[in-house]
Amino acid sequence: MKFIPKRPVILALLAVAGLAATASAFAYALPGPASCAAVGLAGFDTLADGSLVQTGSSAERRQQAMALRKQAQDRIARVYRAPRAQAVVLFLDDPAAFWPRPRNATGSTDFLPGRSCVVIGPQGRNVDVLAHELMHAELADRVGFLTRLRAIPVWFDEGVAMQVDYRAQFAESFDGGDSRFVRELDTGAEFFAFEGGRHTRHYAAAKREVADWLGSDGPRSLYPRLQRLRDGAALDAQAPQAAGRTE
Ligand SMILES: [Zn+2]
């Protein structure tokens, strides 16, 4: 799950600029991770692998956080090849303590130019959620901040993340069904329809659509194809197998 700025892009950029200004005091004190300016960093400690945990987090939870990050990166490497994004990763014991806005208790990712910020809540401490969120950061790194805003639909971003997310509730096969409806969900508000549980089907459909988009080339074709998107190619121009599907 994540935050998706709505169009027009300029409004999103203005919002980011506002958050960046708000967080400038943190950036002065902690110049590295504070470049992900939407997060408040007071009360966090940095682990050996660069992850952030809340001050007061136990030694056991610190070790678990680093082990999970390693497992998630290994999973991404097995599916897509090694990730390169240098995301800020925060592990929260108490999502209510997170500034400036409360987070969901599972996971989310925020995006700034050149930096993504993955926030893992107490209910998201598993390899599925972390690999999922790290792939949002990886996609943003590969296509670039502005291309992501302009050219990456929600279903695609989520579907890419879902290829490394094996949670059972999103494993719907759609055998004999149609998952293309998810391409019509243009906004985060439509996709992340948590009321009534519709989001579960949206994630499952996005997983299927991106698996189809990857097609016979497979997941290891993702990174070069994201580079082509960054260079200006259209998303569907890379997906002849999707266009050729029957109604
Ligand atoms: Zn997601």
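A residue counts as buried if 20 or more other C-beta atoms lie within 10 Å of its own, as exposed if 12 or fewer do, and as partly exposed in between, with C-beta atoms placed from the backbone. The model is predicted: local features need pLDDT of at least 70, side-chain atom pairs count only at pLDDT 80 or more, and totals for chains, interfaces and linings use all residues. Numbering starts from 1 along each chain as its sequence is written.

Helices (H or I, at least four residues) and strands (E, at least two) are DSSP runs numbered from the N terminus. In strand β4 (residues 107-112), six of the six residues are buried, so the strand is largely enclosed by the rest of the structure. Gly 107, Thr 109 and Phe 111 are buried on one side of β4, and Ser 108, Asp 110 and Leu 112 on the other.

Two strands pair if DSSP finds at least two bridges between them. Strand β5 (residues 115-120) pairs with β4 in the antiparallel sense over six bridges, and Val 119 of β5 is the bridge partner of Ser 108. Two residues separate the strands of this hairpin, where Gly 114 has a positive phi near 80°.

A nonpolar core is a set of buried Ala, Val, Leu, Ile, Met, Phe, Trp, Tyr and Cys residues joined through C-beta atoms within 7 Å. The largest one holds 51 residues, of which Leu 90, Val 118, Ile 120, Leu 134 and Met 135 touch the most other members. Helix α4 (residues 127-143) gives this core its largest share, nine residues.

Overall, the protein has ten helices and five strands, and 38% of its 247 residues are buried.
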